[in-house]
Amino acid sequence: MTAYIVRRLVATAGVLFGVTLLVFLMLHLTPGDPVAIMIGGQGGYADPQMVENLRRELGLDRPLHEQYLRFLTHALRGDLGRSIRSDAPVIDEVLSRFPATAELAVAALVLSTAIGVGAGVTSAVRQYSVLDYASMVGALVGASLPVFWLGLMLMLLFAVTFPILPVSGRGAPFTEAVAALFQGDASLLGRSLRHLVLPAVALGLSRAAVVARLTRSSMLEVLRQDYVRTARSKGLPEGAVINRHALRNALVPVVTVVGLQFGFLLGGAVIAEAVFAWPGVGRLAVDSILARDYPVVQGCVLLVAAVFVILNLLVDVLYGYLNPRIRFA
Amino acid sequence: MSIMASRARLALAAVLAAGLAAGVVAVPSPAAPAGGTVTIAIFADPVTMDPHRSNDGPSITIWNQIYNTLVDHNAKGEIVPMLAERWQRIGDRSWRFYLRKGVKFHDGRELTADDVKFSLERLINPATRSPAAFLLNVLDRVDVEGTHQVRLVLKNPFAPILNHLVARPTSIVPAALVRASADEFARRPVGTGPFRFGSFVRGDRVELVRNPDYFAGPPNIERLVVRLIPEASTAVAELESGGVQALLTIPAQDVARLRRNRNLTVAVIPSHRITALVVNTERPPFSDVRVRQALSYAVDRKGVLEAAEAGLGVVAAGPLSPIVFGYTDKVQAYPRDLTKARQLLSEAGVTTPLRTEILVWNLPAIVRMAEPVQAQLREAGIEASLRVLEFGAALQQQYAGNFALSTMQWGTVTLDGDYSMYALFHSDSIGPPGNWARYRNQEVDRLIATGRANGNPEVRRRAYAQALEIIAKDAPWIFLYHPSAAYAMRADLKDVVIPPAGPTFINVTRASLGR
C-alpha cells in the first residue's frame, strides 16, 4: 500500500508538470498582451517607451522557453512569482482565495452527496414507485438547471422576496467560525452557515442529480446479486440488508464519481462565486485570464490541479476500505 | 410621477446642490450625528492598495478614500487645493506648490515636501511598473525647496499638468514607509485621506475606518465598507434588500425599474466618456474621406443610444463630452441622411453593397451598440459583419491596425481635452497609444500641440474647437454618444458627493445615515 501511494505521488509530480506546461503554452498562445490590457483596459495613454519598459521589467520580452524555465525553477523553490497586475506574490493571492472555494465546494459536495445518495437509494429500493419517478424527474430537472439561473432565482426567493438569508458574500471563514464556537461564540458559525446555504445549494443541486442517478443504477444492480438474496433468505431485516450489504457495495462507483465531482465543483464554483460574490479562487482565475496575468493563472491552475490529483489518490485508497476485494500491490 | 419619487428627486437635487456648494473639498459642517457604517458596492476587485501600481477604477475608488492628491476637481470640474494649498506657474516648464501645513499621515507623521517628491518620482520610475506613469511622463524631476514647498520641473511646457495631478495614481504616499517595504505598504496602506485602511479581503470587501485627524474635517460615518460584487443582478438585489447603501454603477436597463423603488435614489449624470466606432483611415476604401463621411451619415445615433444605453446619454459630435474642457457646441453631430451617404459612396467610386467588418469588444453594452449600427449601415448599402472578440484579443488587433471598423469606448478622466485629443488624434499616437484610426492631419497636430503647451485657457479652447471641427469633417471616427453614468443609493444615505469625474470618485466625508 505504501509503495503504491509513493508511486502515485511521484506520478502526481509528473501530472503537475504537464499541467503547468500546458497552461503556460495555452496562455501564451492566446492573443492579448498583459501590458496592453493593463494600460488599454484602464483607459490610459499607452506610451510606447513605457510599454517597452513594462514588458522588460516583467520579463515578457524574453523568449518563451526562457520564461517557462524561469517559472519552473522558481516554482520548484516554492516561489510562484508575482502578479503582473498587482505585483503581489502569487502564492498570497491564491492561498488567500482558496479556502473560500474549498469551503463552498465541500459544502456543495456534502449537500449533493447526502441528497443524491438518499434519493438514489430510495428510488432503487422503491423501484417504479411514485417516489422513484419523482426523484428521477427531480434529478433530471436538477441536472438541467444552470447554476447561474438557479443561483439568481434562489437569491430572489430567499433573500429578496422572503429575506431569510443574506443575498451574497461570505459571512465568515468557516474554520474561523468553528474556532470561535470552541471559544463559546456561536454567532460567527451561524453567520458563516447562513451565507453558505444559497451558493452551496445552487452549486450542489445539479451534482446531487448526477449522484442520485448513479446511486440508483448501482444499487439496482447490487440488489439483484446473490448475496443480497442470501442475506434476505437468512432472515435479516430489510434495513440491514440495504444498509450493511447492498449500499456499501453499491457505493464503490459512487465514491469514484463523488471524488471527481469535487474537482468539478472546484471548477464549477466559478459561476456560483460570481453570482454570490463569493471571494474564491475561481473568480481570481477568471479575472486573471482576462487580464492575461500569467503567473496568477498558473498559480490557480496548479493549486486546483494538485488538490484534484491528491483527492483522486485518496479516492483510490478509499476503495480498499469499501470493498476489501480491491487491494493495491 | 409619485410624490415619493419627486421627493427622492428633490433630495437628490439637494445632494447635488450641496455638492456644488461644498466643492469636492469637504467643508466641515455641524450637520448629522457621527457614526454608523456605510456599505457601497463596486463591480470588480481593486488591483492594489498601492496607488502607484495600477490605474483601474475599483482601486481608484479605494485610493480616493485613503489618499489625497496635490490638487482636486470641484463639482464644476475646476481645480481646487487639496494637499497643496496654492501653486504658481514659473516660466514655461515649472510649477511651484505650497503644501498645506499640519497634514498628518494615518501613522501620525506629518506630510512634507519629501513625500511629494518621492511619490511623484516613484510613479514615473520604470522600476515601479505603473501603468499610469504616462500621466506624468512630462515630469523631469521634483525639487524640494523647503519642508512644505516643491517645484515640479517639466520636460516640455504642459498646460494640463494640474488636471493630471488630480488623477489618483498621483496620490501622495509616506516616503519612509514605502522605502522600508513597498510590499508591506501595499498590505497596510497609509495615506492622508478621510479614511484609514482597515482590511482587504480579496474578492470580498475593503473595510475603511474614519480618520479623526483628517485635515478637511473628519467624516461623519465611522466605517466605510466597499463590497466587491461582480454580478450586476446580485449587486442590485443587495441594494434593494438594503445589504448595501450605494451602488456606483447600475446597468442602464435597470434605471427605470429602480426609480420606481421609493427606498432608492437613482441618479443619472453626464459622463466624460465617448462610445464610438474607430475607422481605420489607412485601409481602402476608408482612406477616402467621403467614404468615412458616408459612414457617419448612415448612423442614427439616437437609435443606437436607445438600444445600447436605454437612451441615457447624449449624442456625440466629437470625442469630448460637454463636461470636458475643450468641448465646443459649434460642431454638430452628423444627422442621419441615407441619400447623402449613398451619394458620397458613389462619388468615391464605391460599389454597393460595400462589404466590411466591425471588430467588436465582447462587452454587453458594446455588443448592444454594434448590432443596431450594423443594421443601420446596411440601409446605406454597407454590409458589415460583426467580429466579436474578447477585449484583450481585440486590443491586440486594434494596436496593430488589423481592422476596418472597430468599437471604442474611452473616457477623458482628467476632464481636460488634451488627455483625449493627443492620445486619439495626434499623429505621434498612431498605433498602441490610442490613435487606432491611424489618422494624420498636420493642422490637427499643430492645434493639439498648441492646446498642450499654451498656458492661456482661451487660446487652448479655441485650438480644440478648431481641431474638433476638422476632425468632424475628416470623420476618422463615427462618434456615437456620451453615455451617462447611473448610480443608485438607499434614500436614507444623505450628503454623498459624486464629482463630475464620476461615481468612481465617490466622496462620503459628509455622508450620514438618517431617516
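Author: Happy to! Two residues are in contact if their C-beta atoms, placed from the backbone, lie within 7 Å. This is a predicted model, where local features need pLDDT of at least 70, side-chain atom pairs count only at pLDDT 80 or more, and totals for chains, interfaces and linings use all residues. Residues are numbered from 1 along each chain as its sequence is written, with chains lettered from A and ligands numbered from 1 in the order in which they are written.

Let's start with helix α2 (residues 57-66) of chain B, which is mostly covered, with nine of its 10 residues buried (20 or more other C-beta atoms within 10 Å of their own). Among these buried residues are B:Ile60, B:Ile62, B:Trp63 and B:Ile66, along with B:Ser59, B:Asn64 and B:Gln65. Their cover includes β1 (37-42), β8 (195-201), β9 (205-210) and β10 (223-228) of chain B. Helices (H or I, at least four residues) and strands (E, at least two) are DSSP runs, numbered from the N terminus.

Elsewhere in chain B, four strands make an open antiparallel sheet in the order β4-β5-β7-β6, where pairing takes at least two DSSP bridges. Six antiparallel bridges join β6(B) to β7 (residues 149-154) of chain B; B:Leu139, for instance, has B:Leu154 of β7(B) as its bridge partner. Helix α3 (residues 113-124) of chain B packs on this sheet, touching β5 (94-99), β6 and β7 of chain B. The direction of α3 makes about 170 degrees with that of β6(B), on a scale from 0 to 180 degrees between N-to-C directions, with axes fitted to C-alpha atoms, for helices over the stretch in contact.

Technical notes
Buried ≥ 20, exposed ≤ 12 C-beta atoms within 10 Å, placed from the backbone.
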